[in-house]
Structure formats: structure tokens, C-alpha cells
Amino acid sequence: MARAQGARAQMALGFESVYGTPPAAGEFWRMPFASSNLGSDQPLLSSELLGYGRDPLPPVKDAITAEGDVVIPIDARFFGVWLKAIFGQPTSVEDTGVYTHTFQSGGWTIPSFSAEIGMPDVPYFAMNKGCVANSISWTMNRSGLITATVNVIAQGETPPTTSSAAGTLAEMALLRFGAFNGAVKRNGSLLGNITSAEVTYTNNLDRIETIRDDGMIDGADPSIAALTGTINVRFADTTLVQQATDGDPCELEFSYGTDADNRFTLTAHAVYLPKPKIALEGPAGVQTSFAWQAAKASDPARMCTAVLINDQPSYNNP
């Protein structure tokens, strides 16, 4: 009997035209991922009834919860699928075979998608429908593999089947960024002495938990978005401390790129810094952290812009 192995698992993803309705077979991408716990669970409620002795009566099924985290590589092509899931449809412009996809915060329409997790050894294929991306986060370091974590809220999971409902999956060549491809800029200039940085964007989805006989939710609506993070710096000058003291915003840009034609940039247009405590913890270098928050800027009139440059014409379904 075959046993499921992570090395054989696959993820298929396609955007939905109607919330909760998976696209047709053949309209899915094969998505690279490092790990996933996306799926549904349904806990049991222990019986509280008395009068039948010490042994309990059978439990009752509680509401179904369908959600999870997917850990993905930050790359030049597939990352655009997740950016669309987070921000919505991009504006794409071509220049001699090179496409610039621009995603903006603040939109009220967040597309839903279906994601099938397949383990062909069993076989076991579970389609998560009505998926909406709640948040995305990643950490920038000097070395190591670069991944992002996407939190997903789904309407529900269809009963698992022994064959895939996604059909033949569309392929894209993976062009992954490395840690040494990363950079952090402040007001257009490289920000020195950064040892690490964390970035989190969230849609703050509001689950519509109505009473239904199938246990699923009616939707997940976006609320006030948030863009937050942390930059850890070696204390070498007072530029950031002075900004925090003055309460003025700055622009922070987080980017990865192998060249001008393959690049990802997230720009937070108005970032506010808290005044940190400068702690001395020994004879080594002094390091401090700034837990920053972004807000809507006056020009441009939005909180952030994400730009992905590659050779992919669009992020509509295959």
C-alpha cells in the first residue's frame, strides 16, 4: 500500500469567476510551495447531558473551519499569482517582451481562488474553494532561502476524491530570488546597517459566518488593511531615531531582483517609526529594532505599491 509523501504532493491554483465555484479543469497553475496546512477541520463537541450514567453520550459535530498557511518561494513569476490574490488584479504594461505588473493597496475587490492539494500516492485530492488571501509576510536576511507565508481563509473543502479535478496544470519556469538579491531603501537611498527586516501585509478579512446546512461561510470581506514590520539595525547614526522622535514619515522600499527584467519591489509610501529603546547588552555592537507601521500617503494616495517585472503576460487563469 502506497503512503503519502510530501515530495510527491502538488498544489493546483486557479482564480474563480464566482465565489466558491472552482474553475474548470485545465484552468489551474502548478504552484511551488514549501509547506501547507490549508484545509478544513470540524471539531467534536462533548455531550453535556446527564442522566445516562458515567459514560458520555455521543459527541456532536461543531462548525467547519477552512483555512491555513501556505509557505511559498519569492520568485519572479509565480509570486505574481499570490500578489494578485493579496492585492487584486494588477495593471500590466509590456515593453519588448518584458512585463511590469503593478499591484496597489486599497482596493475593495479581492479575487477568490480554488486550491487543490493532491497526494497521488494514496490517492487523495482535496479542493479548497472560495479561498481568499488574508495576509502575506516574509523576512529578509543576509543569507538563506527566501520564502513568504500566505494565510488563506476558505469557504470550505469539497469531499476528497481519488483523481484531480484541476486537469492538466499550466507550468511556469521557476526563477527564484536569493537572499543576496535583497535590498532595503529609505527615501530612494540604500539603508545601511540593516541586519534583518520583516514585512507583513494583511487584508484583515471578516468572515461572514451565516447559518447554513453545509457548515460553510458565505464569504470573507476585506476590512482596513495593515502594512507593518520590523527593521533591525546596527546603531551607527541617529537618522532613524531622529525620524521617530520627529514623527515624520518616510518611504521604505523592499526589493529582490536578479536583473532589471526580473524584479520584485514593495514600496511603503508613508512609514512611521516608533522611538526605540537603545539597549546595551554587552561589549559587542549595539543593535536596535524599529517596529514600523505604514499608512496612506498623500502622494500617491495609497499605502503601498508592489511591482513585479518578468516575462509573464498576465495572471489570468491559463
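Let me start with a term: a residue is called buried when its relative accessible area is under 20%, and exposed when that value is over 50%. Please bear in mind that this is a predicted model.

By that rule, Phe177 is buried, and Tyr256 is buried as well. These two residues form a stacked aromatic pair, with 6.3 Å from centre to centre and 10° between the planes. Phe177 sits in the loop between β13 (156-157) and β14 (182-186), while Tyr256 belongs to strand β20 (residues 250-259), so the pair ties together parts that are 79 residues apart in sequence.

How many aromatic pairs does a search of the whole structure find? The count is nine. Among them is the pair of Phe87 and Tyr201, which is tilted because the ring centres are 4.7 Å apart and the planes stand at 45°. Helix α1 (residues 79-87) holds Phe87 and strand β16 (residues 194-202) holds Tyr201, so this contact ties together parts that are 114 residues apart in sequence. Both Phe87 and Tyr201 are buried.

I turn now to the surface. A patch of negative charge is found there, formed by Glu94, Asp95, Asp259 and Asp261. Of these residues, let us consider Asp95, which is located in strand β8 (residues 91-95). Is Asp95 buried or exposed? Asp95 counts as exposed, because its relative accessibility is 54%.

Thank you for your attention.

Key
Residues are numbered from 1 along each chain as its sequence is written. This is a predicted model: local features need pLDDT of at least 70, side-chain atom pairs count only at pLDDT 80 or more; totals for chains, interfaces and linings use all residues. Side-chain values use heavy atoms; hydrogens and water are left out. Patches are made of residues with over 30% relative accessible area and no salt bridge: like charges are joined within 9 Å, nonpolar side chains (Val, Leu, Ile, Met, Phe, Trp, Tyr) within 5 Å. Accessible areas come from the Shrake-Rupley method with a 1.4 Å probe; for residues, only the protein chains shown count as cover. A salt bridge is a side-chain nitrogen of Lys or Arg within 4 Å of a carboxyl oxygen of Asp or Glu. Lys and Arg count as positive and Asp and Glu as negative; His and the chain ends are not counted. The place of a charge is taken as NZ of Lys, CZ of Arg, CG of Asp or CD of Glu. Helices (H or I, at least four residues) and strands (E, at least two) are DSSP runs, numbered from the N terminus. Buried means under 20% relative accessible area, exposed over 50%, partly exposed in between (1.4 Å probe, protein chains only). Rings of Phe, Tyr and Trp (its six-membered ring) pair if their centres lie within 6.5 Å; planes under 30 degrees apart count as stacked, over 60 as edge-to-face and the rest as tilted.
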